Amino acid sequence: MASFLNLFTIKNLLVLSIALNLCFLFNVNKHGFWFSVESQENRCPSMVENHEAQATMRTLLSVSSTSGQEDLDRVINLNHGDPTMYEKYWLMMSERTTVVIPGWLSMSYFSNAKSLCWFLEPELAKQIIRLHKAVGNAVTKGRHIVVGTGSSQLIMAALFALSPKDGSEPMSVVATAPYYSSYPVMSTYLKSGLDNWAEDTKSFNKEGPYIEFITSPNNPDDSSGPPR
């Protein structure tokens, strides 16, 4: 017995341990863990199905809470403008619409220090101008692009810029129904006294200048029409 143990020194046991671990790792790399490791190809369908289920649930949650259970698939809440009805389509287009942003791209506080909007990524500005030129729906030469955290911030900035600073009374702000439900809130949120929500254009009859919100085509009814 003693002579048998003498054959296995600490050095021999260490080499044996390393060999066993290497065999284990090779086996895992070749065949995968035996409990639940699957290839990416096998997982993709279930992942897509899971995303579709989540998209469907978000769509149902965005439906008007006042509708009955039988109306869940056909009544959409237009009050808060959550366009989840398009989510399944964009999920199918995910590979064509995926944008990769390198980690180093946003290291600086300044995307373009020479630009009026210094935090706007130059490539994004370039593509916005290219799109408007291709569609032909905006003048781009000699103009600046202003970006914001959502439309609410931009709308309030536009109201501030358009309202006269020396007016005798707040500038009236109107829109034609149906309109975005946040328009009245935006018109009074800053409490600047420069502008104030008036009413629907059909009942507005005040003389003097005013600001009118126009969306063409209109959201949410897709109609198009001239200003008041």
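Start with M85, in the loop between α3 (40–61) and α4 (87–92). Helices here are DSSP runs of H or I, at least four residues, and strands are runs of E, at least two, numbered from the N terminus. This is a predicted model, so local features need pLDDT of at least 70 and side-chain atom pairs pLDDT 80 or more, while totals for chains, interfaces and linings use all residues. Residues are numbered from 1 along each chain as its sequence is written, and side-chain values use heavy atoms, without hydrogens or water.

M85 is partly exposed, at 42% relative accessible area. Buried means under 20%, exposed over 50%, partly exposed in between (1.4 Å probe, protein chains only).

The largest nonpolar core has 11 residues, among them I155, L159, W197 and F213. Two or more residues each come from α7 (151–162), β1 (171–175), α8 (183–189) and β3 (210–213). Such a core joins buried Ala, Val, Leu, Ile, Met, Phe, Trp, Tyr and Cys through side-chain atoms within 4.5 Å.

Last, charge. The structure holds 1 salt bridge, meaning a Lys or Arg side-chain nitrogen within 4 Å of an Asp or Glu carboxyl oxygen. E169 pairs with K206, closest N and O atoms 3.3 Å apart. The partners sit 37 residues apart, E169 between α7 and β1, K206 between β2 (195–200) and β3. E169 is partly exposed at 46%, K206 at 37%.
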